[in-house]
Amino acid sequence: MSKKFKMHVISGTHWDREWRHTAEQSKLHLVDLMDSILHVLESNKEYMCFCLDGGTVVLEDYLTVRPENQDRIKELIETKRMQVVNFYTLPETNTVAPESLIRNLLVGHRMAKEFGGGMKSGYTATSYGQHSQMPQIYQGFGIDTAIFYRGTNKHILAPLFIWEGVDGSRLYALRTFDEVTRTNWYFYVHQPLVLGKPCRDLTYTYDRDHAPVHLCDEGLYEKAFVLLKEDYDFKKDKESLQKALDAITNQAMPYAIGHHLLALNMEDNSQPFGLLPDMIQALNSISPDIDIVQDSLDEYMQAIIGEMKDKPLPVHRGELRYTTVEHGNFNALLGATHSSRIKLKLLNEKAETNLIYLAEPVAAIASVFGKEYPKTNLDRAWEALLKNHAHDSICGAAVDLAHEDMLYNFSLANTVAEEVSARSIISLFSKIDTAKGFKGTDHTITFFNTLNIPRSEIIPVIIDLPEVTESISKDIGVEGISGSDVFYDIVDNKGNNIEYVELSCEPIKIGVERELDSKAIKFPANRRRILINANVPAMGYTTYALRPRKPRYVLHPEIGPDRKLIARENGVLENEHLKVTLNPNGTFSILHKETGRLMEDLHYFTDSGETGSAHLSNRPQRNTIVTSLGNAATITLAESNLLRGQYKVELSMRVPAAATLDSRDRLRQMVEIPITYWLTLEKGGKYLKIRTRLHNEARDHKLCVNFPSGIKTDFATVESAFAVERRFIRWADTGDNQEPFYPFQPMRNFVDVNDGKVALAVLNKGLREYEVKDDADRTIAITLLRTHRAYMTANTDMTPEEFDKYTGLHSFGDFEYDYALYPHVGDWDEGKVLQSAYQFKVDVKAIQGVTLGGELPSTNSFFSISPAEKIMLSALKCAENGDGIVMRLWNTTSEKQDVSIAVTLPIKTVTNIRLDETPISEVSLKNGNIQFEMGPHKICTLLFK
């Protein structure tokens, strides 16, 4: 007679590549683990399957030490006895760029395929909240099921539900357990039967029979105890078996899906228990109603969906950021990771921007004109960066040394991207015909814009001109002028003057890369720092020229109108759109001229106590909050001309040096945090740029910069992954829940507060946490630092020696941040906030040269996308197989868009492809133009050949 229920035991390990150990230290433990898995699976055919959930990088790491075992692993994966997750590294999806998630899946799928294929379900168990576009991303890889737990709780969502993305894409989603997330079998069966411990007991009782040993010299004493003797058996008496069966049944039954119970045995870094098949057999012998079987996650998902596919399931639409309820649950949202070790987030932003929005687009276009696409080097850069995207790595939750090791990966990604950009721009420049429309004595300046929006802005350039000798001055028609005394205009290809300001001119010697000469050669030059009021087409370039000329004398000067200097000595910055007035304490007001709104007391700092961890934010019981409002600031006019104005503001905050050892108070001892920031306003600029530098020597504190918006609203709008989310500002009453309401939330490149008529947005580079306070002013607070002391060594209760030794979580040292204030009309869409955020985030690149012949015009747009204000570019790169250029776009709106793209590249075919770059359908191309429809919030990927 068949039993009423089936319990699926999923055996595996949650592998943390960097957490309590560095990646290299972890490899030694990984070798032990993988050797054990191979031994157990190959020697015991009854042990059905073992899952590695850390991504395919686990295989890569292991094979750097045991390359001879590649075929053994491949055979186990091909026969479905070993299962790997399809990500390369298991990311925290809210902290990294959305394009990085796609690249992570591309690399993971490619590697998994080489070994026989990965898990069929999307698995983001370690993401601290789930963003709203994951259903569409997964479907782009042929994935129609997802498994996770954080961001959900059992009072809100059923164990199996339909997850609908903002675009309408749907997945079957499995949320696992609140109590023990992915470890109910481990804690309710394995612990009592194998270890003789009560369920969910995280303690160890010192037992001499286990032969515990511990390194105790000053260098290694912090490592965990190791037991030389452990029993490798389980309790077989009926009473113990029945007690364990009752425990797992009582825990899993409320999560039953149809006739199926889930038993997850995937504790952190745990090895397979070789007697698991025997233990299951013993439990089956006393189980009248439940048939216990070993399974894989894929088999379990197939079983529950097969049973429930014709039954109504609840539907959840959008992102998942619910907190946990009952105390003692493992399934907390842990929503503070976006502000831990902020320097990692800033470095990650720089690397992602350089790769996605600079190196890949210019390299892809250059490849069309004969330049080799540096795929191997870009792949190396991406793999280095993706290693840093593992959840504990990018979240700043590992030991100090692990995060110090990450710096090399960031450096590799950045330097490769910068070099690829430089070489590709030079190659493209060599194809541009600058001889037509310019003079032979001109020095050309070509600007490259990789965004799909045209850009009209003040662009700083640094031009190194050869020192003018008498013979050179004759050649260029300015006889009698030498040295740095050169007058010039900047002109476009029709000879029209372009507005510019020269900031400085200094003599230097500059190196030359010459193939047949020494790399040490140099020539004398004059370095000119120039501001140019430039217009650059979308996804293209434009060329101007610096044209030397004779002096232009004014014999009878006439009185002119007031000069429209951007900065004045009275603490005011002003252009056509904004008027910024500084206050003595360093705050300022902004008058938005279009609406007449005056926003006051902007840009003050608050510093509060912080006693949490990388994952959680806690404040001392007796917390104090220091503000900069009473400080006196030193205000310096740093620059003032017709194109740009800048003020430098210096102040210092005295804050408590640390929290007390018991974390209840902040110390009376104070330390200084010197803060310097530059306010920059440009002609025509609609936002105020701010660059802030500070030096931190304080511990246990959270430093925020604050902007009272004065806008009456209960919502904030923020960029997420391929989406713009609208979130509540007002606090939710969480009572005595384990996890409280999170006033701070993750963001990508902007947060916007608006009432539909007027608005204030904060644009940023790499700052990932914001709060909009439920005060009368709806103050926007951006987290600049959050430091704390909880640590991931074996001894979590740190002694004073460890407090002094491990300071990485305190983020000591120098920091620099870039953000901007953008008052605007309407909501984020009407105000073009998303486009402004990317314009602020991505630089225009420039190259100087001399006039040359070429096949390309002096001004060109390779791709013109319409409507540019509704469609955003996510990627432009070469295809994974090297055949063609891939463009990825996303519809930022909730409305269908008719999209047209004009292409000036020699393209013959266009194909609509999935995110994994498999073809879907051909797209009609007529006279260099394509037209197609994009549904609301849809991501579209096109292949051009």
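# Exercises on burial, pairing and cores

At 5% relative accessibility, T181 counts as buried. The model is a predicted one, and the exercises below are to be worked on it.

**Exercise 1. Locate T181 and list the residues in contact with it, leaving aside its neighbours within four places in sequence.**

Finally, once neighbours within four places in sequence are set aside, the contacts of T181 are Y149, T176, L264, F330 and N331.

**Exercise 2. Determine whether P198 is buried or exposed, and find the separation between its C-alpha atom and that of F115.**

P198 belongs to the loop between α6 and β8 (212-213). Its relative accessibility is 53%, and P198 therefore counts as exposed, since the cut-off for that class is over 50%. As for F115, it stands 83 residues from P198 along the chain, and the two C-alpha atoms are 39 Å apart.

**Exercise 3. Decide how far the helices α8 and α16 are enclosed by the rest of the structure.**

Take α8 (residues 276-285) to begin with: seven of its 10 residues are buried, so this helix is largely enclosed by the rest of the structure. The buried residues are L276, P277, M279, I280, A282, L283 and N284, and their cover includes β1 (5-13), α6 (184-195), α7 (238-252) and β11 (290-295). Then turn to α16 (residues 833-841), where nine of the nine residues are buried, so that α16 is likewise largely enclosed by the rest of the structure. The buried residues of α16 are V833, L834, Q835, S836, A837, Y838, Q839, F840 and K841.

**Exercise 4. Work out the strand order of the sheet that contains β41, β44 and β47, and identify its edge strands.**

The three strands make an open sheet in the order β41-β44-β47, with antiparallel pairing. Because each pairs on one side only, β41 (863-866) and β47 (929-934) are the edge strands. From one strand to the next the twist averages 20°. Looking at one pair in detail, β41 is joined by four bridges to β44 (residues 897-903), and these two strands run antiparallel; here I865 stands opposite I901 in β44.

**Exercise 5. Find which residues touch the most other members of the largest nonpolar core, and follow one of them, I901, to its contacts.**

The largest nonpolar core has 187 residues, of which W185 and I901 touch the most other members. Helix α10 (residues 342-368) gives the most to this core, with 12 residues. Apart from this core lies another, of 55 residues, among them A633, V649, L651 and L679. Returning to I901 and leaving aside its neighbours within four places in sequence, one finds it in contact with F863, S864, I865, M887, L889, G928, N929, I930, F932 and L942.

Note on methods: Residues are numbered from 1 along each chain as its sequence is written. This is a predicted model: local features need pLDDT of at least 70, side-chain atom pairs count only at pLDDT 80 or more; totals for chains, interfaces and linings use all residues. Side-chain values use heavy atoms; hydrogens and water are left out. Axes are lines fitted to C-alpha atoms, for helices over the stretch in contact, and angles run from 0 to 180 degrees between N-to-C directions. Buried means under 20% relative accessible area, exposed over 50%, partly exposed in between (1.4 Å probe, protein chains only). Contact means heavy atoms within 4.5 Å. A nonpolar core is a set of buried Ala, Val, Leu, Ile, Met, Phe, Trp, Tyr and Cys residues joined through side-chain atoms within 4.5 Å.
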